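Please look over this model with me. My notes are set out as numbered points.

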Amino acid sequence: MARPNKRTTLREVAEATGLSTAAVSYALRGKHVSKETEERVRKAAADLGYEADPIARALASGRTSTVGVLAGDLQDLWQQQLMAAIGRELLAGDRYALILDAGGDPARELALAKQLRDQRVDGLLVSPVDPSAEGWAKIAEAVPVVSIGDALSRARTAGEVLFDNRAGIDAVLDYLRGLGHRRVTVLTPTGRSTPDRPADVYVREAADRLGIEAEVLPCAQELNEATAVARRVLTNAPDGRPRTANAGLAPPTAVFCFSDSIAYGVYAAAAEASLTVGRDLSVVGFDDHPVSRVLTPPLTTVDWGLTDIAKEAARLAVAAIEGRRVRRKRILCAPRLSERGSAVAVRR
């Protein structure tokens, strides 16, 4: 009787089939042997209870079948959905996602990226908190990196799946301007330490061009924290002074949120202030999470095509891991504004 903890070895499968260990290894991988030999080896391996040793396989191939997936902030419900979709895409190709959360902290993000590199993941997909950080260059030299959302400006990546934030911001602000809004607060998950993120820069440029007064404020993705920021926006200025016309701090007629998760906080704060979204206040999101469709009223937001983003990111990562050339390493995702009931014309 075999000992319970004894692992069947490749040599034992070779002895049972009368083949060399090299031939058995090829057969189990479906390479360089006939179909008949492959089937005979697989049956013998199954009968003996053989399982490939992942550590030995990684040492032999130089690959772990693991891909690091680094989320910018998993408090954002849309990012949760995206990470799950990427994990499924990778699993379909027998690769496993190791998903870590930067929690919106650029220093933590780089530390986690280095840890994934040191754990010898085959590739790294990242939704960067700080896309301009210098540390990305060395990480991208050591492991194939695919960036999602924003480009890593200082690194040579294996691929990029980027959001056309300029087009998305133009679409939202132009839409709000057409509804008569001239005072818009923009809530962004960007931290005060990374104020030069592309979307934040674009919103100021677009607001100036359209003649809109836009106040850009940092806001966490977590519901209670987003609600607290939105509460201050709707009732007080950031410094605590009441928002009154006399003080020159009239409240915004619209709030543009750089994630739907933040928009949910605005809905909560509006309800506390006895304001009705879609009547007293217009709210627009930026990623079309499924929950946004069942709000009252449903949230007007921007759809980036999450399913395609996950497929393209996984495709670029796998191609880089396997050393395959791809025709396009830079995918630009176009925005689609989904008009619903949360944004309406300013009442005169």
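1. Ground rules. This is a predicted model, in which local features need pLDDT of at least 70, side-chain atom pairs count only at pLDDT 80 or more, and totals for chains, interfaces and linings use all residues. Residues are numbered from 1 along each chain as its sequence is written, and side-chain values use heavy atoms, with hydrogens and water left out.

2. The six-stranded sheet. Start with the open sheet of six strands, ordered S2-S1-S3-S4-S5-S11, with parallel pairing. Strands here are DSSP runs (E, at least two residues), helices are runs too (H or I, at least four residues), and both are numbered from the N terminus. Two strands pair if DSSP finds at least two bridges between them. Strand S2 (96-101) and strand S11 (330-333) are the edge strands, and each pairs on one side only. From one strand to the next, the twist averages 15°. Axes are lines fitted to C-alpha atoms, for helices over the stretch in contact, and angles run from 0 to 180 degrees between N-to-C directions.

3. Inside that sheet. Six bridges join strand S1 (residues 66-71) and S2, in the parallel sense. Val-69 stands opposite Ile-99 in S2. S3 and S4 also run parallel, joined by three bridges. There, Val-126 faces Ser-147 in S4. Is S4 enclosed or open? Five of its five residues are buried, so S4 is largely enclosed by the rest of the structure. Buried means under 20% relative accessible area, exposed means over 50%, and partly exposed lies in between (1.4 Å probe, protein chains only).

4. A helix on the sheet. Helix H6 (residues 106-118) lies across S1, S2 and strand S3 (123-126). H6 runs at about 155° to S2.

5. The four-stranded sheet. Another open sheet has four strands in the order S7-S6-S8-S9, with parallel pairing. Strand S7 (213-218) and strand S9 (282-284) stand at the edges; each has a single partner strand, so one side of each is left without a neighbour in the sheet. Direction ignored, neighbouring strands of this sheet are turned by 20° against each other on average. Strand S8 (residues 254-257) and S9 run parallel and are joined by three bridges. Val-255 stands opposite Val-283 in S9. Helix H8 (residues 165-178) packs on the sheet and touches strand S6 (183-188), S8 and S9. The direction of H8 makes about 170° with that of S8.

6. Asp-150. Find this residue in the loop between strand S4 (145-149) and strand S5 (159-163). Asp-150 is buried, with a relative accessible area of 7%. Its side chain makes a polar contact with the side chain of Asn-165, at 3.5 Å. A polar contact is a pair of N or O atoms within 3.5 Å; within protein, one must be able to donate a hydrogen and the other to accept it, and residues adjacent in sequence count only if both atoms are side-chain atoms. Leaving aside neighbours within four places in sequence, Asp-150 is in contact (heavy atoms within 4.5 Å) with residues including Pro-128, Leu-162 and Arg-197.

7. Ser-342. This residue lies in the segment after strand S12 (336-338). At 0% relative accessibility, Ser-342 counts as buried.

8. Most residues other than glycine have a negative phi, and most peptide bonds are trans. The peptide bond from Thr-296 to Pro-297 is cis, with omega near -5°. Pro-297 lies in the loop between S9 and strand S10 (301-303). Asp-94, in the loop between H5 and S2, has a positive phi, near 60°. At 56% relative accessibility, Asp-94 counts as exposed. Ser-274 also has a positive phi, near 60°. Ser-274 sits in the loop between helix H11 (260-272) and S9, and counts as exposed at 63% relative accessibility.
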